[in-house]
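Let's take a friendly walk through this fold together. Please have the sequence and the 3D view at hand.

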Amino acid sequence: MNLSTLLARAAGRALRRRARGLRFWLAIAGLFAVGALPASAAESLTIAAGAGYKRPVSELAAAFERHSGIRIEPFFGHMGQVLAQARQSDRVAVVFGDQAFLENAGQPDFARYLPAGRGRLVLAWPSGRTLAKAEDLVDPKFARIALPDQRQAVYGKAASQFLARSALAKTLEGRLLMVANVPQVSAYLVSGEVDAGFINLTDALGVRGRIGGFLEIDPALYDEVRIVAGVVEGRESLPGVEALAAYLASPEAQAILTRHGL
């Protein structure tokens, strides 16, 4: 074997050793880089909300994730389901809903309430129908009028209060159809299975392109609906709670809530 061949082989071995060394140090650097990722990248925050607020809460969650890097795990249902989930899972840190309902629910207890807006009751109707005012419901052609279950949904309670205070309750007796929650009323309005229905402004804005229209109910005719994010007692220190509280007060979050009728 000549000298040039020996030198070439030696150079090749040296290059391979340097390559292995480089790969080793790159791997070490990668480990340090992973360790240096912000803690929020691995964090998640579980929140629950009434089904009637799925649209704004989902948009808030997505914006908060982009802002903070903290992943949101949401749960939606009627308020009975929401509170049951909050009781059963110690991961549920925040519950969105009507403050009065949360205060009177018993369990879980809430350490504080973060303001999210004021809920507004509306009367909506399907395509092919029209209403100039709520009193027009006395017309017999409005034979099926849907409202959420007042035991589980604040807008069912608000609708019942409005009907009682406006003296329409007795006239419409026998024509009222109680369903589980606001989204179910909206689904019946979209499909035309009911002639009118009581929902919140948030849901009405979400389906306005698929129904005939809606009108707001005079807020003096039902109890104020204060929508809040209740921080579950004992879970205030869970990752992301304080960051979410700060975010809800931000102009970006307030703009989202306003856009959804809160």
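What covers the buried residues of α6? The cover includes β5, β6, α5, β7, β8 (196–200) and α7 (201–207). Before going further, a word on the ground rules: this is a predicted model, in which local features need pLDDT of at least 70 and side-chain atom pairs count only at pLDDT 80 or more, while totals for chains, interfaces and linings use all residues. Residues are numbered from 1 along each chain as its sequence is written, and side-chain values use heavy atoms, with hydrogens and water left out.

**Helix α6 and the chain as a whole**

Helix α6 spans residues 182–191, and its buried residues are Val182, Val185, Ser186 and Leu189. They cover an arc of only 100 degrees around the axis, so they sit on the same side of α6. The arc is taken from the directions that run from the helix axis to the C-beta atoms. "Buried" here means under 20% relative accessible area, "exposed" means over 50%, and "partly exposed" is in between (1.4 Å probe, protein chains only).

Zooming out, the chain has nine helices and ten strands. These are DSSP runs numbered from the N terminus, with helices (H or I) of at least four residues and strands (E) of at least two. Of the 262 residues in the chain, 43% are buried. Among contacts between residues at least 6 apart in sequence, 77% join residues at least 24 apart, where contact means heavy atoms within 4.5 Å.

Two packed helices are described by the angle between their axes and the distance between the axes.

| Helix pair | Axes come within | Crossing angle |
|---|---|---|
| α2 (54–68) and α8 (241–248) | 11 Å | roughly 110 degrees |
| α2 and α9 | 9 Å | roughly 160 degrees |

The axes are lines fitted to C-alpha atoms, for helices over the stretch in contact, and the angles run from 0 to 180 degrees between N-to-C directions. Angles under 35 degrees count as roughly parallel, over 145 as roughly antiparallel, 65 to 115 as roughly perpendicular and the rest as oblique.

Leu60, Ala63, Phe64 and His67 of α2 meet Ala243, Leu244, Tyr247 and Leu248 of α8. By class, this contact has seven nonpolar residues, one polar and no charged. Ala, Val, Leu, Ile, Met, Phe, Trp, Tyr, Cys and Pro count as nonpolar, Asp, Glu, Lys and Arg as charged, and the others, Gly among them, as polar.

For the second pair, α2 and α9 are therefore roughly antiparallel to each other. Here Pro56, Glu59, Leu60 and Ala63 of α2 touch Glu252, Ala253, Ile256, Leu257 and Arg259 of α9. This contact divides into six nonpolar, no polar and three charged residues.

Back on α8, the buried residues are Val241, Leu244, Ala245, Tyr247 and Leu248. Their arc around the axis is only 165 degrees, which puts them on the same side of α8. They pack against β1 (44–50), α2, β3 (92–98), β4 (110–119), β10 (225–232) and α9 (251–259).

**Single residues worth a look**

Gly50 lies in strand β1 and counts as buried, at 9% relative accessibility. Gly50 and Val95 are 45 residues apart in sequence, and their C-alpha atoms are 8.4 Å apart. Beyond its neighbours within four places in sequence, Gly50 is in contact with Phe76, Gly77, Met79, Val82 and Phe96.

Pro126 is found in the loop between β5 (121–125) and β6 (145–148). Pro126 is buried, with a relative accessible area of 5%. Its C-alpha atom is separated by 6.1 Å from that of Val190, 64 residues apart along the chain. Leaving aside neighbours within four places in sequence, the contacts of Pro126 include Leu189, Gly192 and Ile211.

Most residues other than glycine have a negative phi, and most peptide bonds are trans. Ala167, in the loop between α5 (154–165) and β7 (176–179), has a positive phi near 65 degrees. Ala167 is exposed, with a relative accessible area of 59%. The peptide bond from Gln107 to Pro108 is cis, with omega near -5 degrees, and Pro108 lies in the loop between α4 (99–103) and β4.
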